[in-house]
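Subject: Structure handover

Hello,

Please find the structure below, with the sequence alongside. My notes on what was found in it follow.

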Number of protein chains: 2
Amino acid sequence: MPLSGGMSYTRPTPLIQSLPPSVPFVGPEVQERQRGAPFDARLGANENVFGPSPRAIEAMRDAASEIWQYGDSSSHDLRSALAERHGGSNRNVVVGEGIDGLLGYLVRMMIEPGDAVVTSDGAYPTFNYHVTGYGGILHKVAYREDAEDLPALMARAAETHAKLIYFANPDNPMGSWWEGARVAAALDDLPEGCLLILDEAYVEFAPEGTAAPVDLSDPRVIRMRTFSKAYGMAGARVGYALGAAPLIAEFEKIRNHFGMNRAAQSGALAALHDDAWLAEIRRRVARAREEIGRIASVNGLTALPSATNFVSVDCGKDGDFARSVLAGLLGRGIFVRMPFVAPQDRCIRISCGRPEDLDRLADALPGALRDARG
Amino acid sequence: MPLSGGMSYTRPTPLIQSLPPSVPFVGPEVQERQRGAPFDARLGANENVFGPSPRAIEAMRDAASEIWQYGDSSSHDLRSALAERHGGSNRNVVVGEGIDGLLGYLVRMMIEPGDAVVTSDGAYPTFNYHVTGYGGILHKVAYREDAEDLPALMARAAETHAKLIYFANPDNPMGSWWEGARVAAALDDLPEGCLLILDEAYVEFAPEGTAAPVDLSDPRVIRMRTFSKAYGMAGARVGYALGAAPLIAEFEKIRNHFGMNRAAQSGALAALHDDAWLAEIRRRVARAREEIGRIASVNGLTALPSATNFVSVDCGKDGDFARSVLAGLLGRGIFVRMPFVAPQDRCIRISCGRPEDLDRLADALPGALRDARG
């Protein structure tokens with residue numbers, strides 16, 4: 001019988017039909033179109049405003065005319081360099097379309113509808129998006145003193161028989177961090193059959209010793225890393241996961257094998273080899289963190305300690321007040337974001353900008369605070 | 001209880017555990033590493049050796065220094081331009097990480113374990129990879145005179161209560177094609193509740209009238225298009241799907257919202273606006289098809305008609321013979337591929353190269369044939 005119209009045509013699965021139409025983040029370009037003007041400072045997505053290594057830019061430019069070729073489906077050269085950097089073999093590394101893409105693959109690998117997953121209440125929404133998208137059940141643990149609470153995450157995982165724990169070190173959106181040795185020690189309390197996802201997207205900005213001293217062959221943990229933050233290549237979409245070879249091999253069964261942009265592969269490889277640029281980025285980000293702290297202080301606010309390229313600034317009142325401050329900054333052309341969940345939503349989150357970006361923030365903040373105080 | 005080792009740590013889902021470790025395609029770089037030498041001619045992946053528009057190259061080069069920014073999560077400008085080009089609105093267009101990425105999303109949206117899907121036996125393996133990866137059951141219909149058999153696909157879908165039919169026009173790997181008006185007319189025989197995936201990856205190379213005259217709001221069909229072929233940007237990973245707004249909206253619930261490479265978005269937009277380059281590519285590809293036909297003929301082989309940027313060449317014997325010819329070409333530094341399934345596997349498939357690439361093919365083919373004939 002031919003199709004007669006009506007709603008039967010799409011027939012998405014019941015799971016897909018049950019999903020909300022909301023998205024994890026509204027991008028700045030979308031917000032710019034909504035407000036009808038570009039932002040004057042882009043300090044909301046924890047991008048690295050200082051940009052990638054000049055060598056990475058050159059590599060991507062050179063690759064533009066070769067873009068008629070698919071990328072290397074195995075990302076062999078990049079994986080080899082990453083394996084060498086992290087003390088493992090290629091079999092411990094999978095390269096994917098950003099950490100977002102890799103988290104999606106990992107959740108698909110591990111989670112069936114109804115399976116339990118543990119994360120912190122207010123942690124990375126895109127991870128939650130993937131878990132919900134595959135029918136997993138999220139169990140959320142409160143932050144403790146603005147930091148993710150690893151023992152509580154482990155305990156909740158034991159209670160719920162969770163298959164995955166998500167733990168970011170340093171944390172986003174608060175910028176707090178754990179000493180790496182404490183993370184490694186905590187692994188002994190990981191419930192059997194549970195995998196710890198250790199998201200180290202910001203770890204290159206953190207103090208020495210923040211990266212957990214975990215052997216890449218340790219089957220209890222998978223680490224997520226990215227070229228989007230310290231390496232300044234958010235728009236290139238290059239993330240990687242480090243873990244035990246049998247786990248990494250599972251990605252081969254489901255990933256988009258020709259999904260990597262060829263120029264991005266070249267750029268990431270060049271960026272990885274420019275340690276001097278990375279050191280310079282660390283210095284610039286450290287100076288920007290200090291400057292954000294100074295601007296906060298001048299305005300009677302408190303900047304929280306940060307091991308990342310952003311600073312959460314405590315606006316001193318509740319979430320409604322911080323949301324008003326945020327709205328005031330957005331209205332004045334300053335793109336920033338803030339935590340979603342109380343009591344962390346007393347803060348606004350400001351990415352480390354160039355001096356000129358932070359000058360604009362300094363100009364806009366007093367008015368935003370005045371308006372919020374009504 | 002702490003983890004004591006063993007195999008329990010990964011715990012992938014039973015579906016993932018059941019999947020084979022094989023991949024849809026072994027990339028040319030992987031083959032080059034295996035043989036220990038680069039290929040002299042890259043004619044196996046249906047890449048557009050002539051490359052993208054110079055405007056696209058310039059746009060990607062310019063974007064390299066701005067790569068610190070995530071891409072626009074909505075691909076707004078590109079979607080708008082595509083909507084205008086195809087006579088719809090933004091709501092009829094979703095942009096994704098190549099057709100491969102979009103097919104993965106679509107299968108995830110529609111297929112639960114056990115659901116039936118219909119395709120042609122020997123058609124696109126990456127589609128099959130996604131179907132199997134989500135637990136779908138593939139029902140395969142034989143080619144008919146080296147073309148996909150749309151009435152038989154529809155009949156099989158009715159028998160099996162299939163949710164999806166995959167149909168490529170023009171076809172890969174044979175290069176055959178249907179007149180678009182016949183495809184549109186056949187939609188009246190589509191079983192209720194079944195969606196036709198019309199993969200038009202190669203349609204820009206095809207004769208006028210090959211693109212099906214289907215309204216973008218028609219809920220029975222979703223069309224897949226790409227910048228990888230005629231636009232010469234395979235390594236950029238930009239595909240798009242055209243369809244009814246309610247169906248397109250479902251992608252928003254599951255896609256990797258910040259998954260697009262920012263430079264690739266710019267490049268694709270520039271490429272789309274360079275119609276003169278597209279026309280030039282069509283001319284060069286047409287000349288290359290003729291030259292492949294001439295080379296085949298000189299060697300006593302038969303080139304099949306093609307509406308694509310590749311030509312399937314009938315080697316005149318069985319699959320084992322064609323595989324020997326293929327091996328002989330690979331051994332002589334010519335990267336080509338061939339159909340996987342009999343009787344189409346009597347052919348080898350040669351992408352349209354530059355004159356110098358085809359000169360190398362012409363040099364290598366006689367020896368490969370001599371060796372295959374033993």
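In this predicted model, strand β10 of chain A (residues 310–314) is joined to β9(A) by two bridges, and the two strands run antiparallel. Within that pair, A:A303 stands opposite A:V313 of β10(A). Both strands belong to an open sheet of three, in the order β9-β10-β12 of chain A, with antiparallel pairing. The edges are held by β9 (302–303) and β12 (347–351) of chain A; each has a single partner strand, so one side of each has no neighbour in the sheet. Helix α11 of chain A (residues 275–298) lies across β9, β10 and β12 of chain A, and runs at about 15 degrees to β10(A).

Another pairing in chain A involves strand β2 (residues 93–96) and strand β8 (residues 239–242), which run antiparallel and are joined by four bridges. Here A:V93 stands opposite A:L242 in β8(A). Along β2(A), A:V93 and A:V95 point one way, while A:V94 and A:G96 point the other way; all of them are buried.

A:S266 lies in helix α10 of chain A, which covers residues 262–272. Is A:S266 buried or exposed? A:S266 has 25 C-beta neighbours inside 10 Å, and therefore counts as buried, the cut-off for that being 20 or more. Leaving aside residues up to four places away in sequence, A:S266 touches A:A59, A:M60 and A:A63. From A:S266 to A:I57 there are 209 residues in sequence, yet the two lie 9.5 Å apart in space, C-alpha to C-alpha.

The other residue is A:G319, found in helix α12 of chain A (residues 319–331). A:G319 counts as partly exposed because it has 19 C-beta neighbours inside 10 Å. With residues up to four places away in sequence not counted, A:G319 touches A:A342, A:D345 and A:R346. A:G319 and A:R294 are 25 residues apart in sequence and 22 Å apart in space, C-alpha to C-alpha.

Now to the contact between the chains. It takes 77 residues from chain A and 77 residues from chain B. On the side of chain B that touches chain A, the elements giving two or more residues are α2 (28–35), α3 (54–64), α5 (98–110), α9 (245–251) and α10 (262–272) of chain B. Of these, α5(B) gives the most, with six residues. By class, that side of chain B has 34 nonpolar, 23 polar and 20 charged residues.

Last comes a helix in chain B. Helix α13 of chain B (residues 355–373) has 19 residues, so at 1.5 Å a residue it should span 27 Å; its end C-alpha atoms are 27 Å apart, which agrees. There is a bend of about 30 degrees in α13(B) at B:A364, and a proline, B:P366, follows within four residues. Which residues of α13(B) are buried? They are B:D357, B:L358, B:L361, B:A364, B:L365 and B:A368. The elements that cover the buried residues of α13(B) include β1 (41–42), α11 (275–298), α12 (319–331), β11 (334–335) and β12 (347–351) of chain B. Just after α13(B), B:G374 takes a positive phi of about 65 degrees.

Regards

Notes: Residues numbered from 1 in each chain as written. Chains lettered and ligands numbered in written order. Predicted model: local features only at pLDDT ≥ 70, side-chain atom pairs only at ≥ 80, totals over all residues. Pairing = 2+ DSSP bridges. Contact = placed C-beta atoms within 7 Å. Axes fitted to C-alpha atoms, helices over the stretch in contact; angles between N-to-C directions. Nonpolar A, V, L, I, M, F, W, Y, C, P; charged D, E, K, R; others polar. Expected span 1.5 Å × (residues − 1). Bend = angle between axes of the 7 residues up to and from the residue. Buried ≥ 20, exposed ≤ 12 C-beta atoms within 10 Å, placed from the backbone.
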